[in-house]
Amino acid sequence: MNRTALSRWESPICRGQCPSQGWPALLWALVGGCALWGGLAWLDACPASAALPNIVVFLADDEGYGELGCQGNREIPTPHIDSIAQNGIRFTQGYVSGPYCSPTRAGLMTGRYQTRFGHEFNPGPMRPGTGLPLSETTMASRLKALGYATCCIGKWHLGFDPPYRPTNRGFDEFYGTLANTPFIKPLRFMDTRVSNDIIEITDPNFYTTDAYADRAVDWLERHKNGPFFLYLPFNAQHAPLEATPKYLARFAHITDEKRRIFAAMMSAKDDAVGRVLAKLRQIGQEGNTIVWYLTDNGGPTQQTTSKNDPLRGYKSTTWEGGIRVPFMVQWKGHLPAGKVYEHPVIQLDILPTCLAAAGASIPADWHLDGVNLLPYLRGEISDRPHQTLYWRFGEQWAIRHGDYKLVVARDRDAQPPRLVGPALFNLAEDISEKNDLAAANPAKVAELKALWDRWNAEQKDPLWGPGEEGKAKTKGKKAKTKN
Ligand SMILES: [Ca+2]
(Lines give C-alpha, C1' and ligand atoms only; values in the text may rest on other atoms or scores of the structure.)
Protein backbone atom coordinates (compact mmCIF):
# COMPACT_ATOMS: atom_id res chain seq x y z
CA MET A 1 0.00 0.00 0.00
CA ASN A 2 1.42 3.37 -0.92
CA ARG A 3 1.28 6.66 0.93
CA THR A 4 -1.91 7.66 -0.87
CA ALA A 5 -3.58 4.51 0.32
CA LEU A 6 -2.55 5.30 3.89
CA SER A 7 -4.28 8.64 3.56
CA ARG A 8 -7.45 6.78 2.78
CA TRP A 9 -6.99 4.76 5.96
CA GLU A 10 -6.77 7.97 7.84
CA SER A 11 -9.93 9.41 6.35
CA PRO A 12 -12.90 9.44 8.74
CA ILE A 13 -14.88 6.81 6.83
CA CYS A 14 -12.12 4.30 6.27
CA ARG A 15 -9.96 4.58 9.36
CA GLY A 16 -9.33 1.09 10.64
CA GLN A 17 -12.81 -0.12 9.78
CA CYS A 18 -12.91 -3.18 7.59
CA PRO A 19 -16.19 -4.59 6.30
CA SER A 20 -15.86 -7.71 8.42
CA GLN A 21 -16.22 -5.68 11.59
CA GLY A 22 -19.98 -5.75 11.47
CA TRP A 23 -21.03 -2.45 9.99
CA PRO A 24 -24.75 -2.03 9.34
CA ALA A 25 -25.96 -2.55 5.79
CA LEU A 26 -26.49 1.15 5.13
CA LEU A 27 -22.90 1.96 6.03
CA TRP A 28 -21.79 -0.93 3.91
CA ALA A 29 -23.51 0.70 0.96
CA LEU A 30 -21.80 4.00 1.74
CA VAL A 31 -18.45 2.27 2.02
CA GLY A 32 -19.05 0.57 -1.29
CA GLY A 33 -19.72 3.96 -2.79
CA CYS A 34 -16.56 5.27 -1.18
CA ALA A 35 -14.61 2.42 -2.71
CA LEU A 36 -16.04 2.94 -6.16
CA TRP A 37 -15.51 6.67 -5.90
CA GLY A 38 -11.90 5.99 -4.99
CA GLY A 39 -11.39 3.87 -8.08
CA LEU A 40 -11.73 0.65 -6.04
CA ALA A 41 -8.31 1.31 -4.58
CA TRP A 42 -9.75 1.28 -1.06
CA LEU A 43 -10.67 -2.35 -1.48
CA ASP A 44 -7.02 -3.04 -2.05
CA ALA A 45 -6.20 -1.29 1.19
CA CYS A 46 -8.93 -3.03 3.12
CA PRO A 47 -9.85 -6.36 1.54
CA ALA A 48 -13.37 -7.51 2.31
CA SER A 49 -12.16 -10.92 3.47
CA ALA A 50 -9.71 -9.68 6.06
CA ALA A 51 -10.30 -7.91 9.33
CA LEU A 52 -7.34 -6.03 10.66
CA PRO A 53 -5.16 -8.58 12.45
CA ASN A 54 -5.11 -8.32 16.21
CA ILE A 55 -1.73 -8.03 17.87
CA VAL A 56 -0.52 -9.43 21.18
CA VAL A 57 3.02 -8.78 22.36
CA PHE A 58 4.29 -10.71 25.38
CA LEU A 59 7.50 -9.14 26.67
CA ALA A 60 9.35 -11.07 29.36
CA ASP A 61 11.78 -9.33 31.69
CA ASP A 62 15.36 -10.50 32.22
CA GLU A 63 14.64 -13.98 30.89
CA GLY A 64 17.83 -15.63 29.71
CA TYR A 65 18.33 -17.06 26.25
CA GLY A 66 18.38 -20.63 27.59
CA GLU A 67 15.43 -20.63 29.97
CA LEU A 68 12.49 -21.84 27.82
CA GLY A 69 11.72 -25.39 26.84
CA CYS A 70 11.83 -24.44 23.17
CA GLN A 71 15.25 -22.87 23.81
CA GLY A 72 16.64 -26.09 25.21
CA ASN A 73 15.76 -25.89 28.90
CA ARG A 74 14.82 -29.28 30.35
CA GLU A 75 14.38 -28.15 33.94
CA ILE A 76 11.40 -25.77 33.76
CA PRO A 77 8.41 -26.76 31.61
CA THR A 78 7.02 -23.87 29.55
CA PRO A 79 4.47 -25.59 27.29
CA HIS A 80 2.33 -22.54 26.58
CA ILE A 81 5.18 -20.28 25.55
CA ASP A 82 6.69 -23.15 23.57
CA SER A 83 3.37 -23.52 21.74
CA ILE A 84 3.96 -20.14 20.11
CA ALA A 85 7.12 -21.55 18.53
CA GLN A 86 5.31 -24.75 17.56
CA ASN A 87 2.47 -22.82 15.95
CA GLY A 88 4.72 -20.21 14.43
CA ILE A 89 8.33 -19.20 13.99
CA ARG A 90 11.16 -19.25 16.50
CA PHE A 91 14.11 -16.95 15.90
CA THR A 92 17.50 -18.32 16.85
CA GLN A 93 19.10 -14.91 16.34
CA GLY A 94 16.47 -12.60 17.78
CA TYR A 95 18.01 -9.42 19.14
CA VAL A 96 16.93 -6.43 21.17
CA SER A 97 18.42 -2.98 20.66
CA GLY A 98 19.04 -2.43 24.38
CA PRO A 99 20.84 -4.61 26.92
CA TYR A 100 18.43 -3.66 29.71
CA CYS A 101 14.82 -2.76 30.38
CA SER A 102 13.79 0.69 29.23
CA PRO A 103 15.94 1.20 26.10
CA THR A 104 14.61 -2.05 24.62
CA ARG A 105 11.03 -0.93 25.33
CA ALA A 106 11.72 2.44 23.69
CA GLY A 107 12.97 0.65 20.57
CA LEU A 108 10.03 -1.75 20.57
CA MET A 109 7.47 1.01 20.89
CA THR A 110 8.99 3.20 18.15
CA GLY A 111 10.64 0.79 15.70
CA ARG A 112 13.72 3.02 15.97
CA TYR A 113 17.09 2.68 17.63
CA GLN A 114 16.41 4.38 20.94
CA THR A 115 19.80 6.09 20.79
CA ARG A 116 18.44 8.14 17.87
CA PHE A 117 16.40 10.08 20.43
CA GLY A 118 18.60 9.91 23.52
CA HIS A 119 16.84 7.03 25.31
CA GLU A 120 20.06 5.19 26.01
CA PHE A 121 19.49 4.42 29.69
CA ASN A 122 16.66 3.70 32.10
CA PRO A 123 14.60 6.71 33.10
CA GLY A 124 13.62 6.72 36.74
CA PRO A 125 10.99 8.01 39.13
CA MET A 126 13.61 10.02 41.00
CA ARG A 127 14.45 12.07 37.92
CA PRO A 128 11.45 14.17 36.82
CA GLY A 129 10.92 14.71 33.15
CA THR A 130 12.55 11.52 31.94
CA GLY A 131 10.78 9.00 29.76
CA LEU A 132 10.22 8.06 26.14
CA PRO A 133 10.67 11.48 24.50
CA LEU A 134 7.35 13.06 23.59
CA SER A 135 8.72 13.66 20.10
CA GLU A 136 8.38 9.93 19.46
CA THR A 137 5.22 8.12 18.32
CA THR A 138 4.51 4.75 19.91
CA MET A 139 3.30 1.53 18.36
CA ALA A 140 0.08 2.00 20.32
CA SER A 141 -0.51 5.41 18.74
CA ARG A 142 0.26 4.07 15.28
CA LEU A 143 -2.22 1.23 15.72
CA LYS A 144 -4.83 3.39 17.42
CA ALA A 145 -4.81 5.62 14.34
CA LEU A 146 -5.81 2.53 12.34
CA GLY A 147 -8.76 1.85 14.64
CA TYR A 148 -7.23 -0.56 17.17
CA ALA A 149 -8.25 -0.78 20.81
CA THR A 150 -5.02 -0.64 22.81
CA CYS A 151 -4.05 -1.87 26.24
CA CYS A 152 -0.83 -2.16 28.23
CA ILE A 153 -0.77 -4.62 31.12
CA GLY A 154 2.45 -5.00 33.07
CA LYS A 155 5.65 -3.07 33.61
CA TRP A 156 5.75 0.17 31.63
CA HIS A 157 9.19 1.61 32.37
CA LEU A 158 9.02 4.35 29.75
CA GLY A 159 8.52 7.29 32.09
CA PHE A 160 7.00 8.04 35.46
CA ASP A 161 5.53 11.54 35.17
CA PRO A 162 1.98 11.90 33.80
CA PRO A 163 2.92 13.00 30.25
CA TYR A 164 4.96 9.83 29.84
CA ARG A 165 2.40 7.37 31.17
CA PRO A 166 0.81 4.77 28.88
CA THR A 167 -2.57 6.44 28.45
CA ASN A 168 -0.78 9.54 27.18
CA ARG A 169 1.26 7.40 24.76
CA GLY A 170 -1.46 5.72 22.74
CA PHE A 171 -2.88 3.16 25.16
CA ASP A 172 -6.59 3.24 25.99
CA GLU A 173 -6.01 1.36 29.23
CA PHE A 174 -3.11 0.64 31.56
CA TYR A 175 -2.97 -1.86 34.39
CA GLY A 176 0.40 -2.40 35.97
CA THR A 177 3.45 -0.68 37.38
CA LEU A 178 5.28 2.34 36.01
CA ALA A 179 8.71 0.84 36.75
CA ASN A 180 10.38 -2.11 38.45
CA THR A 181 8.39 -3.64 41.27
CA PRO A 182 7.95 -6.53 43.66
CA PHE A 183 5.50 -9.19 42.51
CA ILE A 184 3.66 -9.16 45.82
CA LYS A 185 2.48 -5.75 47.03
CA PRO A 186 3.72 -4.04 43.85
CA LEU A 187 4.92 -0.45 43.81
CA ARG A 188 3.88 2.46 41.59
CA PHE A 189 0.78 0.58 40.47
CA MET A 190 -1.90 2.06 38.27
CA ASP A 191 -5.29 0.84 37.07
CA THR A 192 -6.72 3.43 34.71
CA ARG A 193 -10.17 1.87 35.03
CA VAL A 194 -10.06 3.13 38.61
CA SER A 195 -7.91 6.23 38.51
CA ASN A 196 -5.15 8.00 36.69
CA ASP A 197 -3.21 8.14 39.95
CA ILE A 198 -0.93 5.60 41.55
CA ILE A 199 -2.85 3.27 43.82
CA GLU A 200 -1.79 1.06 46.69
CA ILE A 201 -2.29 -2.69 46.40
CA THR A 202 -3.13 -4.03 49.84
CA ASP A 203 -4.37 -7.52 48.97
CA PRO A 204 -1.70 -9.87 50.39
CA ASN A 205 -2.63 -12.49 47.77
CA PHE A 206 -2.07 -10.17 44.82
CA TYR A 207 0.65 -11.55 42.54
CA THR A 208 1.47 -9.44 39.48
CA THR A 209 1.82 -12.27 36.97
CA ASP A 210 -1.56 -13.80 37.91
CA ALA A 211 -3.25 -10.40 38.09
CA TYR A 212 -1.93 -9.45 34.66
CA ALA A 213 -3.41 -12.61 33.17
CA ASP A 214 -6.75 -11.90 34.88
CA ARG A 215 -6.88 -8.40 33.43
CA ALA A 216 -5.71 -9.49 29.99
CA VAL A 217 -8.47 -12.10 29.76
CA ASP A 218 -11.05 -9.58 30.92
CA TRP A 219 -9.85 -6.93 28.47
CA LEU A 220 -9.90 -9.39 25.59
CA GLU A 221 -13.48 -10.33 26.44
CA ARG A 222 -14.44 -6.64 26.31
CA HIS A 223 -12.74 -6.19 22.94
CA LYS A 224 -13.39 -9.60 21.44
CA ASN A 225 -14.54 -8.25 18.10
CA GLY A 226 -11.18 -6.58 17.52
CA PRO A 227 -9.07 -5.13 16.20
CA PHE A 228 -7.00 -4.99 19.37
CA PHE A 229 -3.42 -4.47 20.42
CA LEU A 230 -2.56 -6.04 23.77
CA TYR A 231 0.92 -5.31 25.06
CA LEU A 232 1.79 -7.49 28.05
CA PRO A 233 5.23 -6.68 29.49
CA PHE A 234 5.56 -9.04 32.45
CA ASN A 235 7.85 -8.05 35.31
CA ALA A 236 8.78 -11.74 35.47
CA GLN A 237 11.73 -12.73 35.54
CA HIS A 238 13.11 -9.51 37.01
CA ALA A 239 14.26 -9.36 40.60
CA PRO A 240 13.10 -9.60 43.34
CA LEU A 241 12.59 -13.34 43.26
CA GLU A 242 9.04 -13.87 44.51
CA ALA A 243 6.58 -16.67 43.89
CA THR A 244 3.42 -18.07 45.44
CA PRO A 245 2.92 -21.54 46.99
CA LYS A 246 0.90 -22.69 43.97
CA TYR A 247 3.91 -22.38 41.67
CA LEU A 248 6.60 -23.23 44.22
CA ALA A 249 4.89 -26.59 44.77
CA ARG A 250 5.68 -27.54 41.19
CA PHE A 251 9.41 -27.34 41.85
CA ALA A 252 9.85 -28.88 45.27
CA HIS A 253 12.57 -31.07 43.76
CA ILE A 254 14.85 -28.11 43.07
CA THR A 255 17.01 -27.78 46.13
CA ASP A 256 18.58 -24.40 45.37
CA GLU A 257 16.06 -21.93 46.80
CA LYS A 258 16.90 -19.14 44.37
CA ARG A 259 16.51 -21.45 41.44
CA ARG A 260 13.27 -22.92 42.82
CA ILE A 261 11.69 -19.47 43.08
CA PHE A 262 12.94 -18.54 39.63
CA ALA A 263 11.39 -21.73 38.18
CA ALA A 264 8.11 -20.97 39.94
CA MET A 265 8.09 -17.46 38.45
CA MET A 266 8.69 -18.92 35.01
CA SER A 267 5.85 -21.36 35.48
CA ALA A 268 3.47 -18.62 36.58
CA LYS A 269 4.37 -16.62 33.50
CA ASP A 270 3.85 -19.64 31.28
CA ASP A 271 0.41 -20.17 32.81
CA ALA A 272 -0.41 -16.51 32.18
CA VAL A 273 0.61 -16.80 28.53
CA GLY A 274 -1.49 -19.96 28.29
CA ARG A 275 -4.55 -18.20 29.68
CA VAL A 276 -4.25 -15.39 27.15
CA LEU A 277 -3.77 -17.84 24.27
CA ALA A 278 -6.80 -19.84 25.45
CA LYS A 279 -8.85 -16.66 25.57
CA LEU A 280 -7.88 -15.83 22.00
CA ARG A 281 -9.18 -19.25 20.98
CA GLN A 282 -12.34 -18.88 23.03
CA ILE A 283 -13.28 -15.55 21.42
CA GLY A 284 -12.53 -16.94 17.96
CA GLN A 285 -9.58 -14.63 17.31
CA GLU A 286 -6.64 -17.03 17.38
CA GLY A 287 -6.31 -17.19 13.59
CA ASN A 288 -6.58 -13.44 13.25
CA THR A 289 -4.02 -12.54 15.90
CA ILE A 290 -0.29 -12.05 15.54
CA VAL A 291 1.30 -13.20 18.79
CA TRP A 292 4.86 -12.19 19.63
CA TYR A 293 6.90 -13.42 22.54
CA LEU A 294 10.31 -12.03 23.37
CA THR A 295 12.46 -10.87 26.24
CA ASP A 296 13.67 -7.32 26.89
CA ASN A 297 17.28 -8.35 27.59
CA GLY A 298 19.37 -11.29 28.65
CA GLY A 299 19.43 -12.86 32.07
CA PRO A 300 21.52 -11.29 34.84
CA THR A 301 22.35 -14.78 36.13
CA GLN A 302 23.93 -13.79 39.46
CA GLN A 303 20.86 -12.05 40.88
CA THR A 304 18.16 -14.41 39.63
CA THR A 305 19.91 -17.52 38.18
CA SER A 306 18.52 -16.62 34.72
CA LYS A 307 20.93 -18.27 32.27
CA ASN A 308 21.91 -17.29 28.76
CA ASP A 309 23.47 -20.58 27.68
CA PRO A 310 25.31 -20.93 25.35
CA LEU A 311 25.86 -17.19 25.02
CA ARG A 312 28.58 -15.11 26.66
CA GLY A 313 27.74 -12.28 28.99
CA TYR A 314 24.70 -11.02 30.85
CA LYS A 315 22.06 -8.34 31.07
CA SER A 316 23.54 -4.84 30.77
CA THR A 317 26.33 -5.96 28.47
CA THR A 318 26.70 -5.91 24.70
CA TRP A 319 27.86 -9.53 24.62
CA GLU A 320 25.35 -11.84 22.97
CA GLY A 321 24.05 -12.84 26.40
CA GLY A 322 22.83 -9.28 26.94
CA ILE A 323 21.15 -8.67 23.59
CA ARG A 324 20.21 -12.00 21.98
CA VAL A 325 16.96 -13.22 23.48
CA PRO A 326 14.13 -15.73 23.21
CA PHE A 327 12.00 -14.39 20.34
CA MET A 328 9.09 -15.96 18.43
CA VAL A 329 5.92 -15.13 16.54
CA GLN A 330 2.75 -16.97 15.63
CA TRP A 331 0.05 -16.00 13.14
CA LYS A 332 -1.89 -19.15 12.38
CA GLY A 333 -2.78 -19.62 8.75
CA HIS A 334 -0.67 -16.65 7.68
CA LEU A 335 2.84 -17.64 8.73
CA PRO A 336 4.50 -21.06 8.67
CA ALA A 337 4.13 -23.28 11.74
CA GLY A 338 7.04 -24.95 13.48
CA LYS A 339 9.64 -23.00 11.53
CA VAL A 340 13.02 -21.98 12.90
CA TYR A 341 14.30 -18.79 11.33
CA GLU A 342 18.07 -18.43 11.41
CA HIS A 343 18.75 -14.92 10.09
CA PRO A 344 19.13 -12.08 12.60
CA VAL A 345 16.02 -10.09 13.46
CA ILE A 346 15.53 -7.38 16.08
CA GLN A 347 12.63 -6.13 18.19
CA LEU A 348 12.58 -2.96 16.06
CA ASP A 349 11.00 -5.12 13.35
CA ILE A 350 7.82 -5.80 15.30
CA LEU A 351 6.18 -2.43 14.61
CA PRO A 352 6.75 -2.34 10.83
CA THR A 353 5.76 -6.01 10.54
CA CYS A 354 2.49 -5.38 12.35
CA LEU A 355 1.76 -2.26 10.32
CA ALA A 356 2.38 -4.18 7.12
CA ALA A 357 0.07 -6.97 8.30
CA ALA A 358 -2.57 -4.30 8.88
CA GLY A 359 -2.13 -3.04 5.32
CA ALA A 360 -0.63 0.28 6.37
CA SER A 361 2.34 1.83 4.65
CA ILE A 362 5.32 3.33 6.43
CA PRO A 363 6.23 6.82 5.26
CA ALA A 364 9.95 7.40 4.90
CA ASP A 365 9.82 10.40 7.23
CA TRP A 366 9.04 8.10 10.18
CA HIS A 367 12.68 7.00 9.90
CA LEU A 368 12.06 3.50 11.22
CA ASP A 369 15.02 1.18 11.60
CA GLY A 370 12.98 -2.02 11.72
CA VAL A 371 11.79 -3.82 8.61
CA ASN A 372 8.64 -5.70 7.67
CA LEU A 373 9.54 -9.34 8.27
CA LEU A 374 6.51 -10.90 6.55
CA PRO A 375 8.10 -11.58 3.14
CA TYR A 376 11.17 -13.03 4.85
CA LEU A 377 9.16 -15.28 7.13
CA ARG A 378 7.01 -16.50 4.26
CA GLY A 379 10.11 -17.38 2.27
CA GLU A 380 9.46 -14.79 -0.42
CA ILE A 381 12.83 -13.18 0.32
CA SER A 382 15.72 -15.43 1.26
CA ASP A 383 18.26 -12.70 2.08
CA ARG A 384 18.79 -11.37 5.57
CA PRO A 385 16.34 -8.73 6.80
CA HIS A 386 19.36 -6.88 8.24
CA GLN A 387 22.89 -6.98 6.97
CA THR A 388 23.98 -4.76 9.86
CA LEU A 389 22.74 -4.21 13.41
CA TYR A 390 24.10 -1.70 15.94
CA TRP A 391 24.20 -1.19 19.70
CA ARG A 392 25.37 1.63 21.98
CA PHE A 393 25.10 1.51 25.74
CA GLY A 394 27.38 4.12 27.29
CA GLU A 395 30.95 2.96 26.98
CA GLN A 396 29.84 -0.41 25.61
CA TRP A 397 28.95 -0.84 21.97
CA ALA A 398 28.68 -3.45 19.25
CA ILE A 399 28.02 -3.93 15.58
CA ARG A 400 26.98 -7.07 13.77
CA HIS A 401 27.69 -7.06 10.04
CA GLY A 402 26.91 -10.31 8.30
CA ASP A 403 28.20 -12.96 10.67
CA TYR A 404 30.94 -10.77 12.13
CA LYS A 405 30.51 -8.89 15.35
CA LEU A 406 32.80 -6.20 16.69
CA VAL A 407 32.17 -5.51 20.35
CA VAL A 408 33.36 -3.46 23.29
CA ALA A 409 31.76 -4.81 26.44
CA ARG A 410 32.14 -5.07 30.17
CA ASP A 411 33.54 -8.41 31.27
CA ARG A 412 32.64 -9.01 34.89
CA ASP A 413 34.24 -12.45 34.78
CA ALA A 414 37.65 -10.90 34.09
CA GLN A 415 40.00 -10.23 36.98
CA PRO A 416 39.50 -7.44 37.71
CA PRO A 417 36.17 -6.87 35.89
CA ARG A 418 36.84 -4.44 33.08
CA LEU A 419 35.86 -3.15 29.67
CA VAL A 420 37.31 -5.33 26.91
CA GLY A 421 37.62 -4.96 23.15
CA PRO A 422 37.16 -4.06 20.42
CA ALA A 423 36.97 -7.82 19.95
CA LEU A 424 35.96 -9.49 16.69
CA PHE A 425 33.96 -12.71 16.47
CA ASN A 426 32.47 -14.79 13.70
CA LEU A 427 29.12 -15.69 15.24
CA ALA A 428 28.36 -18.36 12.63
CA GLU A 429 31.29 -20.36 13.98
CA ASP A 430 31.54 -19.00 17.49
CA ILE A 431 28.16 -18.30 19.09
CA SER A 432 29.81 -18.04 22.53
CA GLU A 433 32.24 -15.24 21.52
CA LYS A 434 35.30 -17.14 22.71
CA ASN A 435 37.73 -16.74 19.82
CA ASP A 436 38.73 -13.08 19.33
CA LEU A 437 39.75 -12.60 15.69
CA ALA A 438 40.67 -8.92 15.97
CA ALA A 439 44.44 -9.34 15.91
CA ALA A 440 44.26 -11.76 13.00
CA ASN A 441 41.84 -9.70 10.94
CA PRO A 442 42.53 -5.96 11.34
CA ALA A 443 40.88 -5.17 7.99
CA LYS A 444 37.55 -6.58 9.21
CA VAL A 445 37.92 -4.68 12.46
CA ALA A 446 38.47 -1.42 10.53
CA GLU A 447 35.53 -2.12 8.23
CA LEU A 448 33.10 -2.72 11.08
CA LYS A 449 34.44 0.16 13.17
CA ALA A 450 33.92 2.54 10.25
CA LEU A 451 30.34 1.32 9.83
CA TRP A 452 29.64 1.75 13.53
CA ASP A 453 31.22 5.22 13.57
CA ARG A 454 28.98 6.30 10.71
CA TRP A 455 25.88 5.02 12.52
CA ASN A 456 27.02 6.45 15.82
CA ALA A 457 27.35 9.93 14.31
CA GLU A 458 23.59 9.80 13.63
CA GLN A 459 22.71 9.08 17.28
CA LYS A 460 21.88 11.66 19.93
CA ASP A 461 23.59 12.26 23.22
CA PRO A 462 21.88 10.42 26.06
CA LEU A 463 19.12 12.58 27.57
CA TRP A 464 19.87 11.22 31.04
CA GLY A 465 22.58 9.15 32.59
CA PRO A 466 22.95 5.48 33.43
CA GLY A 467 21.65 3.92 36.60
CA GLU A 468 18.21 2.75 37.55
CA GLU A 469 17.11 6.14 38.80
CA GLY A 470 18.79 8.12 36.04
CA LYS A 471 20.52 10.39 38.53
CA ALA A 472 23.90 10.79 36.93
CA LYS A 473 24.22 12.66 33.64
CA THR A 474 26.86 11.35 31.27
CA LYS A 475 29.13 13.72 29.42
CA GLY A 476 27.36 13.56 26.10
CA LYS A 477 29.25 12.31 23.11
CA LYS A 478 32.24 11.36 25.21
CA ALA A 479 30.22 8.45 26.56
CA LYS A 480 29.51 7.06 23.17
CA THR A 481 32.88 7.33 21.48
CA LYS A 482 34.99 5.74 24.17
CA ASN A 483 36.41 2.38 23.29
CA1 LIG B 1 14.78 -6.27 31.79
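1. Val56 stands opposite Val291 in β8. The strands concerned, β1 (residues 54-60) and β8 (residues 289-295), run parallel and are joined by 7 bridges. Strands here are DSSP runs (E, at least two residues) and helices likewise (H or I, at least four), numbered from the N terminus; two strands pair if DSSP finds at least two bridges between them.

2. On provenance: this is a predicted model, in which local features need pLDDT of at least 70 and side-chain atom pairs count only at pLDDT 80 or more, while totals for chains, interfaces and linings use all residues. Residue numbers start from 1 along each chain as its sequence is written.

3. Which residues have the most contacts inside the largest nonpolar core? They are Val57, Phe58, Ala216, Leu230, Leu232, Val276 and Trp292, in a core of 116 residues. A nonpolar core is a set of buried Ala, Val, Leu, Ile, Met, Phe, Trp, Tyr and Cys residues joined through C-beta atoms within 7 Å. Helix α9 (residues 257-282) gives the most to this core, with 12 residues. Domain 2 (54-377) and domain 3 (388-481) each supply at least three residues; the bounds come from an automatic or database domain assignment.

4. Leaving aside residues up to four places away in sequence, Val57 touches Tyr231, Leu232, Trp292 and Ile350. Contact requires C-beta atoms, placed from the backbone, within 7 Å.

5. Strand β13 (residues 396-401) has 5 of its 6 residues buried. A residue is buried if 20 or more other C-beta atoms lie within 10 Å of its own, exposed if 12 or fewer, and partly exposed in between, with C-beta atoms placed from the backbone.

6. β13 runs antiparallel to β12 (residues 388-393), with 6 bridges joining the two; Phe393 has Gln396 in β13 as its bridge partner. In this hairpin 2 residues lie between the strands, and Gly394 takes a positive phi near 65°.

7. β13 is also joined to β14 (residues 404-411), antiparallel, by 5 bridges. Ala398 has Val407 in β14 as its bridge partner. This hairpin too has 2 residues between its strands, and Gly402 in the turn has a positive phi of about 65°.

Definitions and conventions. Contact = placed C-beta atoms within 7 Å.
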